[in-house]
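Take a look at the protein chain below. We will walk through it step by step.

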Amino acid sequence: MSHWMQQLARRLAQGDDQVLVTVARAEGSTPRDAGTVMLVGPADTHDTIGGGHLEWEAITMARVLLAGGPQQALLRFSLGARLGQCCGGVVWLALERISATEASAWQQRALALREGAVVTRQLRSTGQGSDWHNVPATDHSATTTLEGDLKAWSLTQTWLPHPFTVMLFGAGHVGAALVHVLAPLGIRLQWIDERETLFGDMAIWPDNVQCIATDTPQADIAAAAPGTCFLLMTHNHALDFELCQAIFKRDDFDYFGMIGSHSKRVTFEHRLRDRGVPVARFKEMICPIGVPGITTKEPAAIAIAVAAQLLQVRERRRVLGRRLAHTSNDHTLADPPPNQSSERV
């Protein structure tokens, strides 16, 4: 995601070289999946490849690169046999030293992702750093592929522009808490409220968070891309209902959740039925929201419960995408993809 690219550009702009640590391959049970990245600087780190002994080894080697070692390296760790970690899989790590002089180039890469380009990377054992390219966002998938062995290898990656979009209406206490939870996950988050002052200092948010102050939020719903996830958390029940009607005019969203009680849901169902919304579609509206079993009303707890529900949706989309890609490549897709509504929470 462009979030880590943005962080890398900022860290480089401060004048220190960084090491980009990438999980190039993950075999068996591992802390993080292939494609996960961590940034290592002279004095600190950003993000994680899973913690524990593996991360300590990665940081140690990264500091060797920063101290004048090779520009790049490929490491293989057997987590159980070599590091004593109970997950027991095998992790391959690609390390690349990035010069502080490249800050501007990394700013451009992060901007390209934010504006919809696909960013590709290729790092070879015989090269001197990665080759990066921006290509139009056509028919691509996010991939990380490592070929070869420790002596001769090639890492190829494709980064997509925020493929998972959440449109959040409401900048109150719960909405703000949810943004704090979702922002580090690389989700494309459109945060919408008519009260611009509630967004706070917008400069603190990563570039995957877009703060939108508008008096016509229905227009944003109408213009949303297919597969968008909608969340209603406004301060006004009348506005919630107007937005609810606008969402039900669509049939291509991946998730629709609204904060509120069971009684609010019943009231809205009666009013929606009176306005011609088929009763069969009410199951598409999640209200109350959040994973079951969390009943506290603390804003941070509600945000965590809702974020967990959204991550379930994102994970199902990834699984479905992998299945469709596999069957399509094998030319064995006998049945059409499942109906969109069957994939909703």
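What percentage of the 345 residues in the protein chain is buried? Buried residues make up 47%. Here, buried means under 20% relative accessible area, exposed means over 50%, and partly exposed lies in between (1.4 Å probe, protein chains only). The chain exposes about 16,600 Å², and carbon and sulfur atoms supply 52% of that area. Such areas come from the Shrake-Rupley method with a 1.4 Å probe; for residues, only the protein chains shown count as cover.

A word on the model. It is predicted: local features need pLDDT of at least 70, side-chain atom pairs count only at pLDDT 80 or more, and totals for chains, interfaces and linings use all residues. Residues are numbered from 1 along each chain as its sequence is written, and side-chain values use heavy atoms, with hydrogens and water left out.

How confident is the predictor? The pLDDT (the predictor's confidence in each residue, from 0 to 100) averages 85 over the protein chain. A score of at least 70 is reached by 86% of the residues. Over residues 322–345, the pLDDT is below 50. This stretch has 23 contacts in the model beyond near neighbours in sequence. A contact means heavy atoms within 4.5 Å. Where pLDDT is low, the predicted coordinates should not be read in detail.

Now the overall build. The protein chain has eight helices and 14 strands. Helices (H or I, at least four residues) and strands (E, at least two) are DSSP runs, numbered from the N terminus. Among contacts with a separation of 6 or more, 60% link residues 24 or more positions apart.

Start with strand β1, residues 18–27. Seven of its 10 residues are buried, so β1 is largely enclosed by the rest of the structure. β1 pairs with strand β5 (residues 90–98) in the antiparallel sense, over nine bridges. Two strands pair if DSSP finds at least two bridges between them. Glutamine 18 has isoleucine 98 in β5 as its bridge partner. β1 also pairs with strand β2 (residues 37–40), again antiparallel, over four bridges. There, valine 21 stands opposite methionine 38.

Next, find an open sheet of four strands. Their order is β7-β6-β9-β8, and the pairing is antiparallel. For β8, six bridges join it to strand β9 (residues 153–159). One of the facing pairs is leucine 146 and its bridge partner in β9, leucine 155.

Last come the salt bridges. A salt bridge is a side-chain nitrogen of Lys or Arg within 4 Å of a carboxyl oxygen of Asp or Glu. The whole structure holds nine. One of them joins arginine 265 to glutamate 269, at 2.9 Å from N to O. These two residues are four apart in helix α7 (residues 262–274), so about one helical turn separates them. Arginine 265 is buried at 16% relative accessibility, and glutamate 269 is buried at 19%.

Arginine 281 and glutamate 284 also meet at 2.9 Å, N to O. Arginine 281 is buried at 16%, and glutamate 284 is buried at 11%. In another salt bridge, aspartate 252 and arginine 250 have their closest N and O atoms 3.0 Å apart. Arginine 250 counts as buried at 11%, whereas aspartate 252 is partly exposed at 23%.
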